[in-house]
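Trainee: Could we go through this one together? I'd like to see how the labels follow from the numbers.

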Amino acid sequence: MQSLACHTCDARVLVAKYSPAHTSIQWSDEARQSCREIAAAAAVDNGSYVMRCEALDRTVDEAVSDGLIRPSRRVDPAIAPLASTEAVTSAR
């Protein structure tokens, strides 16, 4: 993951770009406190959770376009689909 600061609020996060549609972002507590969109959501509802920040999305897109964020190579493990006779149960 690569460190990147948002152009709008300067929140610094870790970013991995796996494909044009798949971006992974790790937020620190300090970055969450700096993000204006997270602060705005928290002001409306203290328990709210923001799935994404549009300003940070634009910053990531620009960083990828400028070559500052390089696509990561991620290989998902091969997983065989469950047979119809296999049951998935929840652990209690």
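Predicted model: local features only at pLDDT ≥ 70, side-chain atom pairs only at ≥ 80, totals over all residues.

Trainee: How much of the chain is buried?

Mentor: Buried residues are 23% of the 92 in the chain. The exposed surface comes to about 7,200 Å², with 50% of it supplied by carbon and sulfur atoms.

Trainee: Why is Thr 59 called buried?

Mentor: Its relative accessible area is 1%. Buried means under 20%, so Thr 59, at 1%, gets that label.

Trainee: Where does Thr 59 lie, and what does it touch?

Mentor: Thr 59 is in helix α3. Setting aside neighbours within four places in sequence, Thr 59 is in contact with Leu 4, Ala 5, Cys 6 and His 7.

Trainee: What makes the pair of Thr 59 and His 7 a polar contact?

Mentor: A polar atom of the Thr 59 side chain lies 3.0 Å from the backbone nitrogen of His 7. The cut-off is 3.5 Å for a pair of N or O atoms, where one must be able to donate a hydrogen and the other to accept it. At 3.0 Å, the pair is within that distance.

Trainee: Why is Ser 72 called partly exposed?

Mentor: Ser 72 has a relative accessible area of 26%. Buried is under 20% and exposed is over 50%, so 26% falls in between and Ser 72 is partly exposed.

Trainee: Where is Ser 72, and which residues does it touch?

Mentor: Ser 72 sits in the segment after α3, which covers 54-65. Not counting residues up to four places away in sequence, Ser 72 touches Ala 16, Lys 17 and Tyr 18. As for Gln 2, 70 residues away along the chain, its C-alpha atom is 9.7 Å from that of Ser 72.

Trainee: And Ala 16, what does it stand opposite?

Mentor: Ala 16 stands opposite Ser 24 in β3.

Trainee: How do you know that β2 and β3 pair?

Mentor: Count the bridges: 5 of them join β2 (residues 12-19) to β3 (residues 22-26). Pairing needs at least two, so these strands pair, and they run antiparallel. A hairpin links β2 to β3 through 2 residues.

Technical notes
Residues numbered from 1 in each chain as written. Heavy atoms only, no water. Buried < 20%, exposed > 50% of the residue type's maximum accessible area, 1.4 Å probe, protein only. Areas by Shrake-Rupley, 256 points an atom, 1.4 Å probe, with all protein chains shown as cover. Helix = DSSP H or I, 4+ residues; strand = E, 2+ residues; numbered from the N terminus. Contact = heavy atoms within 4.5 Å.
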